[in-house]
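Please open the model in your viewer and keep the sequence panel beside it. The tour below moves from one selection to the next.

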Amino acid sequence: MEVIRGWTHRQFPLSEPSGVGEVRRHAARLAAGMEWRELEMGRLAIVVTELGTNLYKHARKGRLLVGACPARGEIEIVSIDEGPGIADVGRSLRDGFSTGGSPGTGLGAVRRLAGDFDLYSAVPCGTLCVARLRRSGADGPPHALRAGAICLPVAGETECGDAWAAAFDADGVTVLVADGLGHGPGAAAASQAAVDLFSEAPALALTAQVEQLHRRLQTTRGAALCCARFDTGGDAVRFTGAGNISGRIVSGLHDRSFVTAHGTAGLQIRNPVVASVERPPHAVMLLHSDGIASRWDTRPMLPLLGSDPTLLAALLLRDHSRLRDDATIVVIQQRD
């Protein structure tokens with residue numbers, strides 16, 4: 001079993017050239033903390049420079065999100081903007097094509113240097129891009145399922161009151177999303193306590209998991225949380241929890257929402273009961289905290305259902321963030 005403690009992203013608005021250097025320095029500090037080699041750090045710097053330069057020269061409300069997964073020796077760069085979009089994506093990905101005048105060779109260089117790369121663009125809505133780079137010798141996840149996520153503190157806070165974790169085994173994945181009450185350090189302490197306990201015993205049954213989390217969080221300010229189970233061979237997702245964590249099962253022909261029961265783990269909850277929601281073939285599961293609006297149209301995301309799941313999370317963040325709270329989106333997708 002592989003247990004991933006979900007990473008938190010740091011957000012950098014890109015409206016001027018100096019912003020690119022700030023992102024580059026932050027990414028370099030993350031890489032140094034994971035003992036990346038000089039060559040690997042050079043590749044990371046090129047990726048950040050290319051994506052950042054594209055944003056400040058061509059995009060509206062462009063921003064880069066940077067997160068690290070130490071367990072996988074991995075750094076993730078997510079580029080989000082609100083227009084004008086790329087009319088010819090294929091041309092933009094050709095080696096040597098660079099409208100930004102940056103020192104690399106444009107998005108073609110990003111795709112070549114990254115371990116994982118995906119991009120989606122729509123005119124005039126904007127462009128979403130994800131690039132992951134790994135320390136030499138680190139492999140990508142071997143599982144039949146892929147998890148993509150964005151976890152971002154509310155503006156003005158350095159600590160995120162949300163947290164998430166995922167435990168992969170031979171049959172599927174169990175996911176926890178926790179949202180500490182309020183935001184800031186107290187909320188972060190509650191959600192991280194939930195992740196700590198989940199990571200110690202990820203194989204517990206869902207009801208036992210929530211009961212244990214409720215007891216542990218009584219020493220914190222409490223948290224909304226959801227535990228969900230996605231089996232590779234199943235036709236349903238099982239879930240339980242307490243508070244305002246929302247879920248959605250989406251495919252090209254299917255759209256079904258689910259929510260956890262009222263209550264707050266650590267303060268007061270009902271006896272947890274496991275419910276299930278149908279999951280047809282090729283459907284993805286999305287879980288999100290209330291930093292994302294609870295109602296959103298699935299139609300704009302349909303072209304991304306086969307893309308990197310982080311692009312789905314980025315689309316939800318861009319188009320449906322409530323802006324006044326921490327925001328977390330976790331997407332589970334079964335590989336073809």
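**Starting at Met285**

Select Met285 first: leaving aside residues up to four places away in sequence, Met285 touches Val175, Ala228, Phe230, Val237, Arg248, Ile249, Phe258, Val330, Val331 and Ile332, where contact means heavy atoms within 4.5 Å. This is a predicted model, in which local features need pLDDT of at least 70 and side-chain atom pairs count only at pLDDT 80 or more, while totals for chains, interfaces and linings use all residues. Residues are numbered from 1 along each chain as its sequence is written, and side-chain values use heavy atoms, with hydrogens and water left out.

Next, select Trp164, Val173, Val175, Met285, Leu287 and Ile332, the residues with the most contacts inside the largest nonpolar core, which has 28 residues; such a core is a set of buried Ala, Val, Leu, Ile, Met, Phe, Trp, Tyr and Cys residues joined through side-chain atoms within 4.5 Å, buried meaning under 20% relative accessible area with a 1.4 Å probe, protein chains only. Strand 10 gives the most to this core, with four residues, strands being DSSP runs of E, at least two residues long, numbered from the N terminus.

Now show Phe239 and Phe258, both buried, which form a tilted aromatic pair at 4.4 Å centre to centre, with 35° between the planes; rings of Phe, Tyr and Trp (its six-membered ring) pair if their centres lie within 6.5 Å, and planes under 30 degrees apart count as stacked, over 60 as edge-to-face and the rest as tilted.

Finally, select Arg279, which lies over the face of Phe230 at 4.0 Å from the ring centre; the criterion is CZ of Arg, or NZ of Lys, within 6 Å of the ring centre and within 35 degrees of the ring normal.

Methods: Buried < 20%, exposed > 50% of the residue type's maximum accessible area, 1.4 Å probe, protein only.
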